[in-house]
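Here is a quick tour of the side-chain contacts in one protein model. Have the structure open while you read.

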Amino acid sequence: QVQLVESGGGLVQAGGSLRLSCAASGSASSLNAMGWYRQAPGKQREWVATIDNIGNTNYVDSVKGRFTISRDNAKNTVYLQMNSLKPEDTAVYYCQAVKYGLERTDYWGQGTQVTVSS
């Protein structure tokens with residue numbers, strides 16, 4: 001099993017920055033990819049960014065150029081650096097990890113609140 005714990009959420013003004021962290025524990029050394037999702041009130045959970053185990057990244061269009069996902073494999077930690085934050089970025093941000101074996105397994109953290117005021 002893999003456990004994920006997010007941190008770094010908070011309240012910031014529009015244009016500000018925030019860095020989220022997600023630390024993985026348990027059987028984390030075999031994780032193939034990690035990423036971030038977010039969910040705003042009344043909306044479905046939305047994929048934000050992904051990084052695989054060799055550093056390839058991908059982002060939803062709305063955050064390209066503003067957010068950067070990175071990974072420290074030695075620490076089993078993934079980060080999301082969020083710059084130029086907008087009110088529409090307000091959501092609960094969830095860490096995700098994926099493990100491939102005989103079948104795909106997805107793991108989720110509890111979420112951390114990000115609120116961007118105008």
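## Salt bridges

Asp89 pairs up with Arg38 in a salt bridge, with the closest N and O atoms 3.0 Å apart; the term here covers a side-chain nitrogen of Lys or Arg within 4 Å of a carboxyl oxygen of Asp or Glu. This pair links distant parts of the chain, since Asp89 sits in the loop between β8 (77-82) and β9 while Arg38 is in strand β4, 51 residues apart. Strands are DSSP runs of E of at least two residues, helices are runs of H or I of at least four, and both are numbered from the N terminus. Asp89 and Arg38 are both buried, where buried is under 20% relative accessible area, exposed is over 50% and partly exposed is in between (1.4 Å probe, protein chains only).

A word on the source: this is a predicted model, so local features need pLDDT of at least 70 and side-chain atom pairs count only at pLDDT 80 or more, while totals for chains, interfaces and linings use all residues. Residues are numbered from 1 along each chain as its sequence is written, and side-chain values use heavy atoms, leaving out hydrogens and water.

## More bridges

Arg38 also meets Glu46 in a salt bridge (2.9 Å, N to O). Another of them joins Arg104 and Asp106, at 2.9 Å from N to O. Arg104 is partly exposed at 46%, and so is Asp106 at 30%. Shared partners also tie Arg38, Glu46, Arg66 and Asp89 into one network.

## Rings and a charge

There is one aromatic pair, counted for rings of Phe, Tyr and Trp (its six-membered ring) with centres within 6.5 Å; planes under 30 degrees apart are stacked, over 60 edge-to-face, and the rest tilted. The pair is Tyr37 and Trp108, edge-to-face at 4.9 Å centre to centre, with 70° between the planes. Tyr37 lies in strand β4 and Trp108 in strand β10, so the pair ties together parts 71 residues apart in sequence.

Arg45 has its charged end over the ring of Tyr94, 3.7 Å from the centre (the rule: NZ of Lys or CZ of Arg within 6 Å of the ring centre and within 35 degrees of the ring normal). Arg45 also lies over the face of Trp108, at 4.9 Å from the ring centre.

## The disulfide

The model holds one disulfide, meaning a pair of cysteine sulfur atoms within 2.5 Å. Cys22 and Cys95 form it, with sulfurs 2.0 Å apart. Cys22 is in strand β3 and Cys95 in strand β9, so the link ties together parts 73 residues apart in sequence. Both cysteines, Cys22 and Cys95, are buried.
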